[in-house]
Structure formats: structure tokens, C-alpha cells
Amino acid sequence: MLKESTLRPEHAIFRRIVGAGDYFFEPVKSGQVIRIVDVEGNQAADTLFYNADDIAERYSAVDTIRAQKNIYLGTGTKLISTEGRVMLEIVADTVGRHDTLGGACATESNTVRYDLERRHMHACRDSWMLAVALNERYGVTKRDITHNINFFMNVPVDQTGRLDFDDGLSGPGKYVEMRAAMDVLVLISNCPQLNNPCSGYNPTPLEILVWNGP
Amino acid sequence: MSIYQTNLGGGKHWSFIMRRGHLLKLTDIEGSGNVGMLLYNPQNLLERYNAPDTLKCQHTFFLTAGNCLYSDMGRILASIVADDVGWHDTVCGTCNREMVEQRWGALSYQQALNDWKQNGKDAFLVEGAKYGLGRRDNAANINFFSKVSVDGQGNMRFATGHSRPGNSVTLRFEMDTLVLLHTCPHPLDETPDYPRHPIAIEIAEAPPMEDDDHCKQSAPENTRGFANNAIFHQCSVAGH
């Protein structure tokens with residue numbers, strides 16, 4: 001279900017452009033609203049959430065899709081933690097659906113998916129590794145890097161169980177917005193993938209905006 | 001040649017290290033069973049079964065014969081060499097204490113001793129803690145014998161009674177692997193009584209892998225995955 005936000009960018013308390021191949025790792029308070037904008041279209045935002053007070057509690061893809069009995073994320077989806085609690089809720093979305101099955105690209109999985117000699121190509125998981133290494137104050141390490149959300153990505157599954165990475169449904173300026181139900185840490189990799197259509201073979205910037213709750 | 005055989009009752013858990021080149025055969029003795037499983041490299045517990053990589057590398061939403069179970073490091077922990085079930089779930093997670101209590105009522109050890117209603121999440125935590133693993137190490141697990149399919153809109157449907165009595169699935173381990181498993185109910189199983197289905201476990205030596213091996217040839221991705229395993233086994237000093 002498409003739903004536009006009533007929040008205005010000029011009222012945001014925080015705005016940041018995140019280039020492709022870079023990361024965003026910041027806290028968002030309970031009640032605040034975070035928007036991720038696909039500035040130029042066809043980008044993927046590989047995203048993880050942690051309870052800021054207990055990082056062992058984190059976004060759980062399997063609990064989230066099982067709770068809503070649907071594999072796609074969109075307006076109204078409650079993002080569920082490993083402890084079965086609502087971490088955030090998607091309150092606006094101009095894309096239609098987002099993936100949480102496909103996981104993030106990694107240099108290691110790229111060797112399997114494309115070629116062993118492509119191991120040097122930049123990947124989301126390397127951005128996350130740098131993010132956790134440079135932000136030790138959050139206490140997040142590789143063991144906390146789990147099954148993520150791919151905002152703006154289109155990974156359809158058919159009735160026979162085939163799963164594909166298709167060209168995205170997103171476009172320039174489309175966005176997804178979430179209201180936090182607890183204090184969270186938000187870890188995003190702006191996907192640098194050049195081997196499949198998830199970034200349209202042309203990775204582009206994201207913009208992150210945060211508002212204080214109404 | 002069988003090395004060890006045992007039966008695990010429904011709602012139980014166990015863990016062990018499978019050596020490379022060995023088979024693990026699971027048989028759903030009565031049908032409608034479920035085996036939750038997580039896999040780790042015992043030499044580097046940070047390397048672990050990765051459901052999204054496993055699915056996207058093989059363009060599939062479920063697991064069956066010919067599929068490989070990938071770690072997050074691009075290596076194959078195990079491959080599925082035989083399967084007469086046809087569909088195993090890896091996207092639904094596992095049941096937790098609250099779910100079991102809401103659906104089937106609480107039944108503690110104090111009340112029922114070993115016939116208590118165990119849940120999959122606690123089962124994984126108990127087995128994982130024996131190796132230093134904790135809440136931060138839980139990942140999306142496999143649910144062998146359980147089928148959850150989707151319709152054209154992405155709505156999920158649990159297939160009740162999917163696995164038939166005597167159905168089995170056989171894993172061949174391609175690396176030494178720590179196996180955490182439980183026989184607790186699938187989290188979407190809503191049958192009226194707590195499902196308590198026994199599973200037979202058999203460990204055996206695997207025959208040497210041939211060049212035309214079905215798992216290796218089932219997709220070019222898997223050929224490359226086995227190439228990563230070969231590098232790991234041949235080049236790494238301490239196996240890491």
C-alpha cells in the first residue's frame with residue numbers, strides 16, 4: 001500500500017546524504033521518525049536495527065515476516081525483534097514493497113554468485129565491518145551482523161518457490177519512513193553492488209532524515 | 001556404513017560436531033516432524049549458516065536435494081545429497097516460549113518432567129551456550145520437514161502434515177561443522193496438541209565425492225562454492 005508522509009524535510013532535526021559504498025550508523029530515539037530516500041532511484045539500502053539498550057535484541061527478518069504472514073515489507077509492517085517486540089513500524093512508503101529475504105552482498109558471497117576473481121569488489125558487508133570497527137562504542141561486532149532488510153529492493157518469490165533479484169520498483173525521490181517504538185541503533189549500508197540490478201548497475205546516494213515524533 | 005544411530009523424541013535438543021566427509025540422515029518416523037537446525041564452523045564460530053546467502057546463491061525460497069547450505073564466508077558447510085520430502089523451510093525462524101504458551105499452554109519441567117513443552121529458541125540457546133554462543137549468535141535457522149510456500153502476493157502458507165511417515169533428508173558435511181538441532185514445533189504449526197514427533201538420526205561415512213556430484217553440478221554457483229571449499233581445505237594453515 002502506497003502512503004505519502006505529511007512530514008516536511010525542512011522540519012527534520014537531522015539530514016545526511018550517504019554515498020553509495022558508505023555506511024550510516026546512528027541512534028534513533030523511541031518516537032522519532034526516520035526516512036530513507038532513494039535520491040536518484042534504483043538504489044538498495046541494506047539495513048539492520050539494534051535495541052540501543054541491549055544489542056543482543058535486534059531486527060529479525062524471520063520473526064517479522066512470520067508475524068505478518070507475508071514476505072514483503074511495506075506500509076503498516078511492524079519490524080519485529082529477536083525477542084518478539086516491535087522495534088519500528090513502517091508508517092509511510094512510496095515504493096510499494098521491500099525485501100528482507102535476500103540478505104546483504106558480501107565479497108565472499110559474490111565469489112559464489114558471480115566469480116571467484118570478483119572477491120575484491122566492494123560489498124555491503126565490508127561497509128558494515130568498517131562501521132562496527134570504527135564505532136566500537138556501540139558494542140556491535142561481526143557476530144551481530146545478521147539477516148537484514150533491503151529497502152527499495154525487489155526480490156520476488158513465485159508459487160513454486162523460485163526467488164529472483166529483479167529490477168527495483170523504486171524511483172528517484174521515493175522513500176520509506178519508520179517510527180521507532182524503542183531506542184534503536186540504525187546500521188545502513190548504501191549498496192555498492194555492480195553485479196546485479198539491485199542498484200541499477202549505477203549505485204547512487206541515499207538521504208537519511210530524522211524528525212522528532214508528533 | 002553407519003557409525004551411530006539414535007532417536008530423538010519430539011520437543012528435544014542436541015548438538016554435536018560433524019566431521020567433513022560424513023553424512024547426517026534425519027528420518028521423520030511418524031510424519032509431520034520438524035527439525036530446527038543452526039550450523040557453525042567450530043574453528044571460527046563467527047562463520048555460520050547464512051540463510052539469505054543460501055537462498056540467493058541458488059535462486060530458491062526452500063531447500064531440497066541438490067542444494068548446498070552456505071556459510072556467510074561463501075563456503076559450503078553441508079550439501080543435501082538425498083531428500084524425499086521435497087521442501088524444507090529456512091525463512092520462518094523458530095518457536096519461542098511465549099508462542100508455545102499461547103498456542104498449547106505452558107507445561108513446565110516441574111509439572112511434566114521430560115515431557116515438558118520445550119521451545120526452539122530456548123533449545124538453541126541451551127545448545128549454543130555449550131560452545132560459548134549466546135543470543136547475539138542466533139541466526140535464521142533451517143526447519144527440516146516443514147513447508148511454507150507463498151502465493152502471488154507473498155502471503156505465507158504452512159503446509160500441515162507436509163512430511164510423511166518415514167520421509168528422510170541426508171546432509172553431507174563439506175567442512176567440520178558444529179550442529180545445533182532441536183525437534184520442537186515449527187513456529188507456524190497450529191495443530192491443536194503440542195506437536196511431539198520423534199526423529200531418527202543416523203551418522204555415517206560419506207562415499208568420496210565424484211566430479212559429476214549432483215550438489216556440485218546443480219548450479220554454477222555451487223561449483224564455485226565447492227571451489228571456495230577447496231581453497232579453504234588446501235590452502236589454510238590451521239584450517240581457517
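This is a predicted model: local features need pLDDT of at least 70, side-chain atom pairs count only at pLDDT 80 or more; totals for chains, interfaces and linings use all residues.

Mentor: Let's begin with the largest nonpolar core, which has 112 residues. Those with the most contacts inside it are Ile36(A), Phe49(A), Val184(A) and Val186(A), along with Met37(B) and Leu39(B). As a bit of background, nonpolar side chains in soluble globular proteins tend to be buried together.

Now zoom in on Val184(A). If you skip residues up to four places away in sequence, Val184(A) touches Val28(A), Phe49(A), Tyr50(A), Asn51(A), Ala52(A), Met87(A) and Leu88(A).

Next, look at helix H3 of chain A, residues 124–134. Its buried residues pack against three strands of chain A: S2 (23–28), S4 (45–51) and S10 (184–190). Which residues of H3(A) are buried? They're Cys124(A), Arg125(A), Ser127(A), Trp128(A) and Ala131(A). These five cover an arc of only 155 degrees around the axis, so they end up on the same side of H3(A). Turn to the face pointing away from that buried side, and you'll find Ala133(A) and Leu134(A), both exposed.

Finally, let's see where the two chains meet. Chain B gives 41 residues to the contact, and chain A gives 35. On the chain B side, helix H1 (51–57), strand S9 (148–150) and helix H6 (220–235) each supply at least two residues. The largest share comes from H1(B), with 6 residues. Sort that side of chain B by class and you get 18 nonpolar, 13 polar and 10 charged residues.

Technical notes: Residues are numbered from 1 along each chain as its sequence is written. Chains are lettered from A and ligands numbered from 1 in the order in which they are written. Two residues are in contact if their C-beta atoms, placed from the backbone, lie within 7 Å. Helices (H or I, at least four residues) and strands (E, at least two) are DSSP runs, numbered from the N terminus. Ala, Val, Leu, Ile, Met, Phe, Trp, Tyr, Cys and Pro count as nonpolar, Asp, Glu, Lys and Arg as charged, and the others, Gly among them, as polar. A residue is buried if 20 or more other C-beta atoms lie within 10 Å of its own, exposed if 12 or fewer, and partly exposed in between; C-beta atoms are placed from the backbone. The arc is that of the directions from the helix axis to the C-beta atoms. A nonpolar core is a set of buried Ala, Val, Leu, Ile, Met, Phe, Trp, Tyr and Cys residues joined through C-beta atoms within 7 Å.
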